[in-house]
Amino acid sequence: MLQQPQRALKQPLHPLSRPGGRWRYIPWVALGSLLIFCPAAFAQSATTADLKVALDTAWVLLTSFLIFFMNAGFCMLETGFCRSKNAVNLLAKNLIVFGLSTLAFWVVGFGLMFGDGNPLFGTSGFLLQGADNSPAVGDAYRGTYSALAWAGVPLNAKFFFQLAFAGTAATIVSGAVAERIKFLAFFIFSLLLVGLLYPITGHWVWGDGMLANLGFYDFAGSTVVHTVGGWAALIGAILLGPRLGRFQARPVAMPGHNLSISALGCLILWLGWFGFNPGSTMAADPLPISHIVVTTNIAGALGGLAATVTSWIYLSKPDLSMIINGVLAGLVSVTASCAYVNLGSAALIGLVGGVIVVFSVTLLDSLKIDDPVGAVSVHLVCGTWGTVALGLFSVGPGSYSWYGGDGPLAGLFMGGGIQQLLVQLLGIAAVGAFTVTFSLLCWLTLRATVGIRVSEAEEIQGLDLGEHAMEAYPEFQVGP
Amino acid sequence: MLQQPQRALKQPLHPLSRPGGRWRYIPWVALGSLLIFCPAAFAQSATTADLKVALDTAWVLLTSFLIFFMNAGFCMLETGFCRSKNAVNLLAKNLIVFGLSTLAFWVVGFGLMFGDGNPLFGTSGFLLQGADNSPAVGDAYRGTYSALAWAGVPLNAKFFFQLAFAGTAATIVSGAVAERIKFLAFFIFSLLLVGLLYPITGHWVWGDGMLANLGFYDFAGSTVVHTVGGWAALIGAILLGPRLGRFQARPVAMPGHNLSISALGCLILWLGWFGFNPGSTMAADPLPISHIVVTTNIAGALGGLAATVTSWIYLSKPDLSMIINGVLAGLVSVTASCAYVNLGSAALIGLVGGVIVVFSVTLLDSLKIDDPVGAVSVHLVCGTWGTVALGLFSVGPGSYSWYGGDGPLAGLFMGGGIQQLLVQLLGIAAVGAFTVTFSLLCWLTLRATVGIRVSEAEEIQGLDLGEHAMEAYPEFQVGP
Amino acid sequence: MLQQPQRALKQPLHPLSRPGGRWRYIPWVALGSLLIFCPAAFAQSATTADLKVALDTAWVLLTSFLIFFMNAGFCMLETGFCRSKNAVNLLAKNLIVFGLSTLAFWVVGFGLMFGDGNPLFGTSGFLLQGADNSPAVGDAYRGTYSALAWAGVPLNAKFFFQLAFAGTAATIVSGAVAERIKFLAFFIFSLLLVGLLYPITGHWVWGDGMLANLGFYDFAGSTVVHTVGGWAALIGAILLGPRLGRFQARPVAMPGHNLSISALGCLILWLGWFGFNPGSTMAADPLPISHIVVTTNIAGALGGLAATVTSWIYLSKPDLSMIINGVLAGLVSVTASCAYVNLGSAALIGLVGGVIVVFSVTLLDSLKIDDPVGAVSVHLVCGTWGTVALGLFSVGPGSYSWYGGDGPLAGLFMGGGIQQLLVQLLGIAAVGAFTVTFSLLCWLTLRATVGIRVSEAEEIQGLDLGEHAMEAYPEFQVGP
């Protein structure tokens, strides 16, 4: 890997043949000593480039570990928010989903998303075979100078980081379809989502595809990850129908069985976002990653505070499940724009997200759409809001030193006109239309073949016994 | 950001006009090749400085993520140690507290603590506005050569790291006032603590303030973080009074409802300390961070072992809650001195902490001070011990290569006399006096306005229903 | 630590005495400017070497934090898989075990394992005293060029990384002997395992000992860590005998009390493996760490999928405890070979591990060996499989650029003949024979002295009351 500049040393130092005045030797001596010392400098300069790659790789991998850990966050969040009779099923789904994602994204997804191809999808790089074709999509992460860095870390590091993202999209679905979906249907849908649906729209935005070419920006995936997972979840939840007894004359609350693990899940997800957003630079560039950590955290904090206060006023009590979803709402909301907005805007974006999520949960109830954990409100609604917010609050190219002139146009509220906002809306619509259509197709196919909903008897008894023949807490008395 | 040494290349290479003997060309050829190759070395050397900033920033951010995750640790620890009827309240407090800390520290706290100002408090940098004034407090972390590094990472990275610390101080309070405090009172007190109380004494020690000028040392916050949180917790616990039924003829144990999540919380906190202490170098300096990881871990390990054995002898059984608090006691105890003591001293400091904490818990009981989770014993008592221990065991300046001549004087047991010990005691007293006074003021004001304690009926029923209208484990049958 | 190239500057720049033609000055001017600018390059090049050490140290420490966190993973996994009446005991064991490991490995273990000595054990470096003798075992991690890096990070960083490994071996035992072992017996056995047993066979493989000299390879410890923990666990489980009522006419399932925390534990362990395997490079070398992250993850994913499908077919339902153990089986299986095999081989190795573990659990049942959490199947059986798999799938030296000609021979299925496989089998046998013999000796001595099994009455009542006089969930109704 190292170039071998030491060879320079092996060039024999030709002896002086015609000695002149004594001072004439000085340049020779000096040169000689330079030639002796400089190779060290050369060797080190090669190592300097290596070091940047090494540091960026370590950063990408360590942040991807945090994103991977979001699986534990979703697992705890969703399981705690549902009833104990379905806990094993939720744990099993959330555990196996990263295995499924790994298989699907390795074999097909990564190639479709990041391989060379056309503006609609990639056509190479399946099974990570072939040359590292990602430099060909070097401007996939448009708008940051990490475009360079995208090509700067090993293919395996890029793959694992993107796999962790893809896995997130699949876990989002899990919560919305909980407590009534067949394990096998979820199993297959996850493969389809991570192998086909997610990578294709992902290619449009991050794979140098058609939306990237139009100037659509989504830094870390409010649209690419969260609305895609959210749309798939919404369609699934609608097709499945609500849980038995969920909507009588009025909505019947079905409280989660273990809010301790839900709160833990929320904090694990908050932690994971410090991988999700700043890791999306794909390089340990100090200014952007520091900025993104702070915008991300401020939005999450304000989202949590806003949901607390909103539920305090609107629902009369500071509702823990709303605090949890408020934090997540703030984090989802700032994901698209975390690198492009100032701290004040991030606070506002998160705050609005935290308010929206409370009302969105209520709205879905009134529409009789049953989403046991609020996944649609958090990921689809706030993901959409976050993508729009970029068109409102982006500071514009050149405002942060790491943009290098690239990046989204200034947003509507930042004196930049409506253009970026319109492109954002177009992107939301395009991704939404595709994901709704094809996830509908997937869900309908599954319904027609393996079936998607468990029997009424099984649902009443709990999916744990029906699908897994075991209980999560067999010793504890539950009831009445 | 990059210097532009490439300009050297633009100096036209003057052609030789008077060729002399053939050997005379050699210096020219050699120079030419040097001029061709060296710019790369120059460019790389510029990048080398960038790389150090990038690496230090990555280190500071990654360790701050670990510290952030301590919120999950405190959340699980405290919730598990309390009764299930108050679990939602504890989860909500521990979840929202980092949101509150973010708001308070961003708007006010960071400026008060690290902004330029006077020896008592900073007067600039509110809302992170204005120039990065932290270089002006470049010797804030006196005693390590990370003083330089303090100025070496972006302001946003410094802010987030310090925010994670500030959040810790607030979570300490949460446990001691648990199971009887009004949610709103805790909400407001957290804002005051993180916005005002913590930053002011923090400025004295880490913000180039009056205690720093006197030679007081507290590497990672035994005093600055743990005793401040501990004092505020103690005053709150005293003013609130004990939980109903806690002290009858003799203390009545009120066992925690879920020791599984408490043990998890302890391990998360142990993990978080690997951010807390070695991250406080603010730079990835290999020798100090490695040393600090090991002193920190040895102290935590010995604290846990000491509390196990002490409780085995003294309480007749190895008590799990004592093992948990012993580990934390060891970690808190070494926090002040982790960079300044050798491994053997660290072991002794942790061991003493682990013994102290067992007796401190008993002592508080006999004083009828009700601290449901042992926060005062762990954070205040062991934080004080740890600050004293620095004056006993510090190896003195120059003993470790990273001191560069700075750092605390040698401690009393290391042949250094009593001077450092006296300064440490002075610092403890000053911080304690301020924090007791002003947290008393805050608590009394809250008691006189919004009230601090829930009604007796609500306490008996549980705060979850009273404050949040929900239960943590609604399906499980609880109670005798 | 810094070379001091600045001294070059101190060579006085002799004035020109006999000026020649005007062009003759040029080399002087150029040399002068080089001498002015180059010292910066020299200084930076020194810093470049420092930076590599700093980055590698940060990598080693951060990955060791992930490995440390595996204690939380084992703690949750094992506790959840057992019955609630023994939960406190399991939590206490899993919490104190890292404290015990720290003490034993600091005082004795590290010196035995990595100190200079003979091919059987090290004889220096106890209490981390003396010179950093690890360069003397610079080729301990044979087969990667991290041999150099092994000497390249501070001793304390090496120690902590290896301590985290050693702690893992001890936690493996905890699960297999659960629900019937005396706390004191486990306490002492852990000290013996981490202080003596583990380091000695560890020295053979990683301490430049006899197996390393024979060409045995085990990159991150399928044999060194997992089979050692597994053998000690197996002997303990056999000597203790099964739990009361476990084997009647046929095996009686004793389901775990809390699968939520078990699933969490599995995900924490999966996360920890991203420290365990890629951290074992001991350097942030971008190509190997990226490759190892992906092989590790693919094996874990395929292990989980294989166990899911196997249990679906063979046990008729996708069993959550099998999914959990399948993921771990895949991870253990690839640990020996993660740096030496391609992605397809890693998938196959993990898949086979996931199938094996299901049948192994059944086999142990039929042998009436009671292992409450499946530790023997996961760690011993799959650790052995993983060590064998290296001899089957290793791509051979030179196939990956980071080998530098070293590394295991090509495996049997990769066209390399049977030699590496035979050496692997020899290593498995040697480590197994030693560990069985000496852990048998330890367990028998403990049985003859402090006793290893609790009384029948205590076992029926639960170890929590008998050993710790407390309950994990005192408020919740358990039964019947």
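Glu179(C) is buried, at 0% relative accessible area. Buried means under 20%, exposed means over 50%, and partly exposed is in between, with a 1.4 Å probe and protein chains only.

A word on the source. This is a predicted model, where local features need pLDDT of at least 70 and side-chain atom pairs count only at pLDDT 80 or more, while totals for chains, interfaces and linings use all residues. Residues are numbered from 1 along each chain as its sequence is written, chains are lettered from A in the order in which they are written, and side-chain values use heavy atoms, without hydrogens and water.

Back to Glu179(C). Where does Glu179(C) sit? Glu179(C) is in the loop between helix H5 (155-176) and helix H6 (183-206) of chain C. Helices here are DSSP runs of H or I, at least four residues, numbered from the N terminus. The phi of Glu179(C) is positive, near 75 degrees, and the residue is not a glycine. Most residues other than glycine have a negative phi.

Now chain B. Lys368(B), also not a glycine, has a positive phi of about 60 degrees. Lys368(B) lies in the loop between helix H12 (343-366) and helix H13 (375-393) of chain B. Lys368(B) is partly exposed, at 49% relative accessibility.

Next, the symmetry. Chain A goes onto chain C by a rotation of 120 degrees, with 0.0 Å of shift along the axis and an RMSD of 0.0 Å. In chain A, Gln477(A) has the C-alpha nearest the axis, 3.4 Å from it.

Last, chains B and A. Contact means heavy atoms within 4.5 Å. By that rule, 68 residues of chain B touch 68 residues of chain A. Together the two chains bury about 5,700 Å², with 80% of it on carbon and sulfur atoms. That is the accessible area (1.4 Å probe) lost on being put together, summed over both.

Which elements of chain B give two or more residues to this side? They are H2 (25-81), H3 (87-114), H5 (155-176), H6 (183-206), H9 (259-276) and H16 (463-468). H2(B) gives the largest share, 27 residues. The side of chain B that touches chain A has 50 nonpolar, 14 polar and 4 charged residues. Charged means Asp, Glu, Lys and Arg; nonpolar means Ala, Val, Leu, Ile, Met, Phe, Trp, Tyr, Cys and Pro; the others, Gly among them, are polar.

Terms used
Copies are superposed by least squares on the C-alpha atoms of residues with pLDDT of at least 70 in both.
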